[in-house]
Amino acid sequence: MTAPDGTSNGALPAGPSEPPILQTLRWLLRPISFLEASRRRFGDIFSVRFLGFRSPLVMLSDPDAIRALYGNPQHGLPPGRTLALLPIVGPRSLLLLEGREHLARRRLMLPPFHGARMRAYESTVREVVARDVASWPEDEPFAMHARMQGVTLEVILRAVFGVTDPGRRTRLADRLGRLLAGTASAGLQFAVLASRRFGAPDPMTRLQGLRREIDAMLDLEIAERRADPREDILSMLVAARFEGGEPMDAAEIRDQLMTLLLAGHETTATGLAWTFDLLMRHPAVLERLVAEVDTGEQAYTRAVVSESLRLRPVVPLAGRRLASPLTVDGHVLPAGTDVTPAIWLAHTRADRYPEPFAFRPERFLDGAHSTSAWVPFGGGVRRCIGAAFAEMEMRVALGEILRQRTLRAASGKAERVAHRNVTFSPAGGARVIAVSRATDRSASGEFAGHSA
């Protein structure tokens, strides 16, 4: 039904007509192709139907619509977030709570991720990266994604979890790595959705034993921090108090630690892997970045990080369940509708980003980008709590690596986007070849950071 003002009351936007199982497969196996085809046919807003969900999901990419969506803090979470994240982060996670519970915990957890407290962790990031780079193979291909996963996990274990015992850190890293790997594949995600639709056993239950092992190890760390606080973020969580003066209990602290792991480990590692893949295929950008790194400046490094997160957003969706109607592009979406920005589509709009598919960090040197046209960390009251920490970690890692190594791509073909849990990851791991800059200078006498 069309209202006098031209809006469509209650009718959801058109979208792909294939059965939910086919739409789900297209989304899991070829997400960029699926999004592009939908935009070409339906424009800035369209509805999709995924296996296991009773109602459609409305995807939008217009910055004004995104601003309106994120501007209402009353909107809730769509059910897909719980489905994907609950087995990893637990029921009290900041990512899954809503309303007052969510805001109370956000206020409690935000301070360590801003200002001087966050900058204090830069030396930890630099140390971890330098140690890893020292072990890289010389002049042989390796997957940058896997290396960055190791780096960011070590940073989390040191700066956030505060694990100082090397043996404990190794054991915890092993269990956490297995848990994350066990939830990563598109095949597993499809199996979870299928089990939800057809009532089959949940394939995620096999990870429960691993999660119990991790919980026991975290309980030991929590107990130690209660007795002997340190400078890590876990100590701050243990010492934190809600407005009524009560602390978080151990179970909730565990859930928030797992939340910070998921928000700050896999996503940052993937962002770095994508950044290196883009740099390897744009030698002029890489050369300019290396020149800046050598001077100690960071303006262009910041621009490279922003442009990489624009062109290769790690998290593709960050949706809401509407608490009240939302008017978008002639449609009045009713309360209860699940709506999400299609982040990659929002980031590749020619009206906001001329030459939208070009990797041009210079576009971020001219001033602040629109908060509704650049949303790699989501937006509103649910914007990623670790966004500033992630950007800092990416800048520090880029600088440390490029000071020590000259890089080139191991393949002439750009990486394909693949699903890894809730992220868009490089399908081939972003394989590179690295040589020490000292060796490179002695061999060529000049900069040699060109793609193969």
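Helix 13 contributes the most to the lining of the second largest cavity, giving 4 residues. The model is a predicted one, and it holds 4 cavities of 30 Å³ or more. By residue type, the lining splits into 7 nonpolar and 3 polar residues, with no charged ones.

Turning to charged pairs, the whole structure has 39 salt bridges. One of them joins R349 to D44, with the closest N and O atoms 3.0 Å apart. R349 sits in the loop between helix 16 (343-347) and helix 17, and D44 in the loop between helix 2 (31-42) and strand 2 (45-48), so this pair ties together parts 305 residues apart in sequence. R349 is buried at 9% relative accessibility, whereas D44 is partly exposed at 27%.

A salt bridge also links D139 and R408, at 3.4 Å from N to O. Because D139 lies in the loop between helix 7 (122-133) and strand 4 (141-143) and R408 in strand 9 (residues 405-409), the pair ties together parts 269 residues apart in sequence. D139 is partly exposed at 44% relative accessibility, and R408 is partly exposed at 30%.

D232 and R225 form another salt bridge, their closest N and O atoms being 3.2 Å apart. D232 is buried, at 6% relative accessibility, and R225 is buried at 1%. Both belong to a salt-bridge network that also includes R168, E221, E224 and R230.

Note on methods
Residues numbered from 1 in each chain as written. Predicted model: local features only at pLDDT ≥ 70, side-chain atom pairs only at ≥ 80, totals over all residues. Heavy atoms only, no water. 1 Å grid on protein atoms, 1.4 Å probe; cavity = no way out; pocket = protein on both sides within 12 Å on 5 of 7 lines; lining within 4 Å. Points joined across faces, edges and corners; volume = space filled by probe spheres on them. Helix = DSSP H or I, 4+ residues; strand = E, 2+ residues; numbered from the N terminus. Nonpolar A, V, L, I, M, F, W, Y, C, P; charged D, E, K, R; others polar. Salt bridge = Lys/Arg side-chain N within 4 Å of Asp/Glu carboxyl O. Buried < 20%, exposed > 50% of the residue type's maximum accessible area, 1.4 Å probe, protein only.
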